[in-house]
Structure formats: C-alpha cells, structure tokens
Amino acid sequence: MIGRRGELLLLIWRPALAGFLFVLSWLVPTSLSAAATATTSPSPGFSAVFLRWVPVPRETNRLMIEVSGLARDTLTALQSTNWPATNWPHLFAVYVEQPGAQPVPMLGEHQVQAGWLRFVPAFPLEPGLRYRAVFDAGRLPGTSSAAAGKVTSVLQVPVRPERATTTVTQVYPSADVVPENLLKFYVHFSAPMSRGNIYEHIRLLNEVNQPVELPFLELAEELWSPDMMRLTLFIDPGRIKREVKPLEEVGPALVNGRRFTLLISGSWKDANGNRMKQAFAKPFTVGPPDRDPPDPRRWAYQAPPIRTREPLAVDFAEPMDSALALRMLHVVDASGRPVPGQPFLAERERLWKFLPLHAWKAGRYTLVVESIIEDLAGNNIGRPFEVEISGGTSPQTESVNTKLPFELR
Amino acid sequence: MKSPTLLALSLALTWLPIATSAANWTSGMTEGKVTLKSAGPITFGPDGILFIADTKSAAIVAVATGDTQPGASKTIKVGGINQKVAALLGTAADQILLDDLAVNPASQTVYLAVTRGRGAGATPLILRVKPDGGLQAVSLDKVKHARAELPDAPVDGVQGEGKRQSNPRLESITDLAFFEDRLLVAGLSNEEFASALRAIPFPFQKVANGTSVEIYHGAHGKFETRSPIRTFVPFKIGNEPQLLAAYTCTPLVQFPLSDIKPAAKIKGKTIAELGNRNRPLDMIVYQKGGKDWLLLANSSRGVMKITTEDIAGAESITSPVSNGTKGSKYETIEAWKGVEQLDKLDALNAVVLRRGEGGVLDLESLPLP
C-alpha cells in the first residue's frame with residue numbers, strides 16, 4: 001500500500017453521538033494523481049483523501065461518512081452511468097466490527113456531489129458497536145489497485161448508560177385466587193418492552209419454587225399490544241382442554257388447591273435495551289376450574305343519579321378478563337348511540353364502572369355486552385370454553401350480543 | 001418408517017394454480033412505496049408475488065417482486081445467517097429477529113422477513129438470498145403492490161361514529177398460504193381466545209376482508225372448543241382442496257377448504273395428536289416416490305415426516321391417547337434437529353432455518369426425506 005500514515009483527527013458533533021472517533025487517512029502521492037490526469041481515462045486525481053463522520057442533515061440521531069480530497073474528474077466518473085452500482089461496496093463501505101464474523105458491507109446509499117463522496121448508512125449506528133469505514137482508492141475509476149491505498153476510519157459509538165427504570169406495573173388477573181383452567185395472564189409494563197425470546201424471562205413456579213414445565217403457549221409472534229407495553233400470556237390450551245394429549249400426559253399447568261408464583265425476570269430488556277429495574281413476582285392460589293359461562297342476567301347494577309357524573313356500576317359476580325371487559329361493554333342511549341365516557345375496573349376485575357364524559361340525563365339506556373367477553377377461564381356468554389357434546393351432535397353456538405336496558409329518572 | 005396404509009389417492013399435479021392469466025394477478029395493483037409497520041409471516045403466490053403479513057397494521061400486502069426467472073437448482077448454505085443479517089443492517093446479532101422464510105417458487109429464491117431492533121421502533125425488512133449466499137434487501141420503494149386490510153369487527157347494537165362502534169383488531173397473524181386464487185390467513189387474537197381463518201380472494205378486491213370462519217376442535221366426540229391455528233398448509237386430496245392445520249393445543253387436523261363459507265363454523269378432523277412438549281412451528285407438503293408427505297417442524301422432536309395417504313379415509317380420532325402419537329403414521333427425521341422454519345425449495349429439496357450451538361442460525365438446503 002502506498003502512502004504514509006495520516007494524522008489522527010478528533011471531530012466534535014452533537015452530544016448524543018459524541019464518542020471516540022479515529023480518522024486515519026493516507027496521503028496519496030500527487031505524482032499518481034498527475035500521471036492519471038494526463039490520461040484520457042477517468043481521472044483518479046486526488047492529493048489527499050480524508051474520511052469524516054458527519055451528521056445526516058435534518059436527522060437528529062444519524063451519522064454518515066464523507067470522503068473529501070477527490071478530484072472533480074474522479075467524482076464525475078463516479079456519477080457516470082458507466083460506473084456499475086455493484087462497484088460501490090468495493091470502493092467505499094462501512095462494516096460493523098464483529099469478532100469472528102466475516103465483514104458484510106452495511107446497507108446504505110452512496111452519494112456523489114461537488115467536492116465529496118458520501119455513504120449514508122440505511123440505519124442509525126448503534127451504541128456500543130464499532131464501525132469501520134473503508135475507502136479503497138485502488139477501486140477508483142482508472143486506478144490500479146497496486147498504485148493506491150486504503151483509507152480507513154473507525155468509529156466506536158459509546159455505550160449508552162444503562163437506565164434500569166422499567167417495571168411490571170400490573171399482572172391481570174389481579175385476584176389472589178384463580179381457577180385451575182385460567183386461560184391467560186396480561187403482563188403490563190411501565191414502558192415499551194423488547195420482542196424476541198421473551199419466554200426465557202417468564203417462569204411459573206410451584207409451591208417449592210420449581211418451574212412448571214412449559215406452562216405457556218409459546219408463540220414466536222408474541223402477543224404484544226401495539227405500544228409493546230402489554231404482553232398476553234396464554235396458558236397452553238393443550239393443558240386446559242380435556243382429553244387432549246398434553247393434559248393427559250403431564251396434567252394441568254395449574255392445580256386446584258396449590259400455590260404458584262408467576263415470576264418475571266429482571267434481566268428482560270425494555271425497548272431501549274435497558275434491563276428491568278427489578279424482577280416481579282405474583283403469588284397466587286389456584287381454585288376449582290370454572291366451566292360456567294358468565295350470565296349477564298345475574299349481574300347487579302347500580303344506576304347513577306341523573307345530573308351527576310357518578311359512574312354506572314355493574315357487578316359481574318366473578319372476575320372477568322380485564323382487557324375484554326374494558327372493550328366489550330358499551331353504554332348506548334335510546335337511539336343506540338354510544339354514551340361518551342371511560343370504563344374502568346375495580347374489585348379485582350369483578351366490578352365494571354363507567355364514568356360518563358357528561359352528566360347523566362334522564363332517559364332510557366342500554367348496556368350492550370358482546371358475547372365474546374370472557375371470564376378468567378375463557379368462558380363466553382352462552383358458551384363455555386369447552387362445550388360438552390351430547391349425543392355426538394354439536395350444540396348451537398351462534399351467539400348474539402346481550403342488551404340490558406335500564407332507565408335513569 | 002412404519003408402513004403406511006395404502007389408499008388410492010390421485011395427488012399428482014395438484015399444485016398448479018388454476019387458469020388465471022399472468023397479467024391478471026397484478027391487476028388492481030398500484031406502483032409506489034410500501035410502508036410496513038411489521039413483517040410477520042410471508043408466503044409466495046404465482047408470478048413472484050410476495051404476500052407480507054403486517055400484523056401491526058392489521059393488513060396483508062401483496063408485492064410483485066418481478067423475480068420470475070426460473071433459477072438453477074442449487075445448494076444453499078449460509079452459516080450464521082443471523083450474524084450476516086445483523087452486519088448488513090449495521091447492528092448486533094441479538095438485535096435481529098428472523099420472522100419468516102419463504103421460497104419464491106417462480107425462481108427458487110429464498111426470501112426472509114426480518115426485523116432490525118426489538119422495541120416499538122423496530123424496522124421490518126424483506127431480504128433476498130442471492131445464489132452466492134449473499135444477502136440483498138428487497139426495495140419496497142417503488143413496487144407494484146396491493147393491500148388487504150383486516151377490518152375491525154363491528155359491534156352489533158352500537159350505532160354512530162367514533163371508536164366505539166367497532167372493536168379495534170388486536171390480532172397476530174400466525175400463518176399465511178396462497179392456494180389457487182385465495183390467500184388463507186390464520187390469526188390469533190391478543191385478547192379473546194376466539195380466532196379466525198380467512199380466505200381472501202386474490203387479486204384483492206376493494207373490500208378485501210374475505211370470508212372469516214371460526215375453527216373448532218372436537219376432542220374425541222365429547223368436547224369441543226375454539227382452536228386457534230398455529231401453522232397450516234393447503235393441499236389436494238383428489239380434486240378436493242384440503243387444509244392440514246396444527247392447532248395451538250397440538251392436534252393435527254384436516255378439513256376441506258370448501259368449508260370456508262360465510263359464518264361457517266369449522267371443526268377439523270383430528271388426524272394426529274402430537275403430544276406434550278411438541279409445539280408445531282411450520283409445515284410443508286411434498287411428493288416423493290409417488291406419494292404425498294407432510295413435514296412438520298416442531299419444538300422438540302426434530303422434524304416429523306407424516307404420511308398423508310390415510311388422511312382421506314381416516315376417521316377422526318375419537319378416544320383419548322395414552323401413549324405415543326396417535327393417528328397418521330409418522331417418523332422423526334432426527335438429522336433435521338433444530339429446524340425452526342422451512343419451505344420447499346424445489347421438488348427435491350427444502351430450505352430450513354435451523355438453530356445450532358450458541359443460538360447461531362443457519363440457512364441451508366436439505367434433500368427432502
């Protein structure tokens with residue numbers, strides 16, 4: 001490689017990206033430049049090439065790398081349609097430095113404008129990683145690789161300081177006693193969490209703190225809410241449904257009369273890559289299985305006084321699935337239009353309350369209950385989770401929404 | 001392998017799409033940028049059309065990749081593909097999720113749905129594996145595409161404008177497959193246990209939600225429950241298109257595709273019970289030795305090779321199983337350990353993603369067993 005060791009430069013940029021930066025450049029002999037300029041082929045004319053990491057314009061958290069010192073003719077040749085796109089990664093590329101891994105050029109866009117050549121990585125550079133930009137002058141149009149050298153710049157992006165602040169804020173059902181055929185847990189977090197291999201962070205422990213084997217339905221898709229702050233954790237239905245193999249072979253995940261603990265590990269990382277502030281444990285006792293569908297006709301109401309914003313209250317007489325209870329009940333007025341307001345749950349998801357946006361007016365209302373609301377065991381209105389088939393025929397399972405009228409005076 | 005019971009089934013030449021001309025498949029598509037919020041399961045239709053499930057957008061996007069030139073038969077071996085994808089995307093391997101794998105049958109090219117990052121701001125991408133094993137991002141900036149939205153469920157008895165007239169769909173798409181002129185989509189809700197299997201006509205119509213049915217599992221004639229589908233594959237027995245599906249509670253079932261009618265309730269016929277510790281992950285069907293076989297990747301047993309010969313005439317399993325996997329005969333392909341995803345590469349080979357030591361993922365082609 002021709003050239004002598006260039007100087008070490010330290011650049012300054014916005015604090016979020018500040019870190020160690022090494023720009024190593026090689027000064028390329030001007031004689032090479034002069035000789036090449038004299039030919040008719042695209043000129044490799046340059047005297048000194050510098051690499052510089054610079055912020056991407058109008059973006060807050062991204063860097064690109066710029067080559068300066070290239071002659072105008074060289075840049076023109078690079079803009080030519082004769083310059084195949086497949087040549088770019090050989091001329092100028094950025095690599096993540098990974099021990100033991102073969103270097104793969106990072107995705108991004110090469111840009112040529114008056115005075116400079118740029119590579120804009122398609123993605124932000126990540127904290128804690130080291131990136132190497134390589135400009136191979138020998139790959140320039142009209143240059144032989146024997147006559148020029150490589151210019152390399154290494155950027156170490158500083159590790160982001162860990163801020164372990166995320167916690168589990170709630171696990172539903174919040175009751176201390178759950179049915180043996182409990183269908184699911186919802187785990188709520190204080191901040192968005194990270195996807196991928198989540199089940200290694202969740203354990204169901206028995207009374208002697210031994211993990212229950214494979215209690216959950218482990219889905220690669222992972223059932224997150226769109227904001228990644230709530231995870232739905234189904235108990236493996238094979239260990240709930242009667243007369244299917246997993247239940248026959250190893251029994252239910254939860255056993256009536258026993259105590260268990262749902263444990264969420266503190267090593268789980270949130271969306272920013274930070275560990276949780278602490279582990280979370282939910283101890284609970286298992287009661288008998290619940291095979292009875294919820295029956296809205298047995299629910300108790302408490303009607304609010306008119307001209308107040310006191311909540312309408314419905315007592316389910318049993319805890320219901322928290323997410324569905326908040327979505328599947330609707331208060332409508334006499335014309336069927338929804339009454340604006342906010343539902344919330346109380347008494348360990350046994351009470352549903354509805355706080356109206358405006359004071360109640362006298363009149364007729366209806367509480368519309370969608371039949372797919374579930375209790376803790378997945379029983380729907382009019383249909384248990386498991387339907388016992390009599391005489392080998394399937395029961396009628398077509399269900400309609402329940403409409404419960406009430407009047408405020 | 002146990003000797004399969006012989007049944008006369010004419011299963012040959014059943015995978016060719018029905019006579020829809022090539023031009024029609026892209027009719028109604030528009031050219032422009034495809035923006036994905038997520039890239040879940042992917043599958044190919046005819047003429048290099050790639051279907052991408054975007055669960056976060058509750059939509060399926062069909063993209064005309066233009067990749068329609070038949071490729072030469074080749075061996076694929078990309079060791080540490082998760083590390084290579086990470087390097088290409090400028091990040092660490094633990095920040096890469098390989099969401100799905102699909103082979104374009106028009107070109108025998110392998111495509112990957114990947115996600116860069118694990119948080120709410122993660123970026124989904126589609127990558128193509130080049131013949132030399134290199135990786136290439138599939139640009140979605142200017143492509144012919146069509147989109148089918150999975151609409152929110154209306155609420156009977158509630159009128160008017162605003163959010164409360166329908167329930168926002170919170171559903172993960174667990175599998176996709178194209179069959180003849182329909183895209184089949186299996187979904188699992190993030191909340192209710194009820195789940196849906198949809199058949200969406202393709203090319204997508206203006207209202208593209210298609211037919212949605214509920215799937216049930218009848219256990220031994222005594223109980224029945226709703227049963228989300230984890231993975232499935234369509235195929236034909238004679239002239240009758242069928243669906244083979246693995247439920248989340250592990251039974252392997254079969255039902256005719258013609259059962260997918262508006263407001264239908266489908267109860268699959270249980271043809272095998274896979275048992276505990278055995279979570280179905282992915283499956284394909286293929287022909288070998290004049291017979292049709294099902295390959296099922298699962299979490300514990302390596303890959304199961306199951307004869308489909310006795311499916312047509314089999315009675316549903318009607319009694320509990322005390323030992324061993326009941327129903328259709330199968331053998332475990334021990335050499336295929338660690339396989340998490342698979343697709344058929346060509347008539348003789350499959351391509352698999354398999355996890356090895358230290359969590360490293362390899363992409364490789366393997367002769368169909």
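Two strands pair if DSSP finds at least two bridges between them. Keep that in mind as you look at this predicted model, where two bridges join strand β24 (residues 387-388) of chain A to β17(B). The model scores ipTM 0.85 and pTM 0.86.

**Where the chains meet**

- On the side of chain B, 54 residues are in contact with 66 residues of chain A.
- Four elements of chain B each give two or more residues to this side: α2 (81-88), β13 (171-179), β17 (223-226) and β21 (265-273).
- The largest share comes from α2(B), which gives four residues.
- By residue type, the side of chain B that touches chain A divides into 22 polar, 18 nonpolar and 14 charged residues.
- Strand β24 of chain A and β17(B) run antiparallel, and V387(A) has E224(B) as its bridge partner in β17(B).

**The domains of chain A**

- Chain A is divided into domain 1 (4-156), domain 2 (168-287) and domain 3 (296-408).
- Taken over C-alpha atoms, the centres of domain 2 and domain 3 of chain A are separated by 27 Å.
- Between these two domains of chain A, 12 residues of domain 2 are in contact with 10 residues of domain 3.
- The side of domain 2 that touches domain 3 in chain A holds eight nonpolar residues, two polar and two charged.

**How chain B is built**

- Chain B has 29 strands and two helices.
- Of its 369 residues, 52% count as buried.
- If you take the contacts in chain B with a separation of 6 or more, 50% of them are between residues 24 or more positions apart.

**Nonpolar cores**

- In soluble globular proteins, nonpolar side chains tend to be buried together.
- The largest nonpolar core here has 132 residues, and F51(B), I52(B) and V351(B) have the most contacts inside it.
- Strand β6 (residues 96-104) of chain B gives the most to this core, with six residues.
- Setting aside residues up to four places away in sequence, V351(B) touches several residues, including I76(B), L101(B), V103(B), V110(B) and L363(B).
- A second, separate core of 55 residues includes V168(A), W224(A), I372(A) and V158(B).

**A closer look at Y111(B)**

- You can find Y111(B) in strand β7 (residues 109-116) of chain B.
- Y111(B) counts as buried because it has 23 C-beta neighbours inside 10 Å, and the cut-off for a buried residue is 20 or more.
- I42(B) is 69 residues away from Y111(B) along the chain, yet their C-alpha atoms are separated by 8.6 Å.
- Beyond its neighbours within four places in sequence, Y111(B) is in contact with residues including I42(B), L50(B), A102(B) and I126(B).

- Chain B averages a pLDDT of 81, and 80% of the residues score at least 70.

Terms used
Residues are numbered from 1 along each chain as its sequence is written. Chains are lettered from A and ligands numbered from 1 in the order in which they are written. Two residues are in contact if their C-beta atoms, placed from the backbone, lie within 7 Å. Ala, Val, Leu, Ile, Met, Phe, Trp, Tyr, Cys and Pro count as nonpolar, Asp, Glu, Lys and Arg as charged, and the others, Gly among them, as polar. Domain bounds come from an automatic or database domain assignment. pLDDT is the predictor's confidence in each residue, from 0 to 100. A residue is buried if 20 or more other C-beta atoms lie within 10 Å of its own, exposed if 12 or fewer, and partly exposed in between; C-beta atoms are placed from the backbone. A nonpolar core is a set of buried Ala, Val, Leu, Ile, Met, Phe, Trp, Tyr and Cys residues joined through C-beta atoms within 7 Å.
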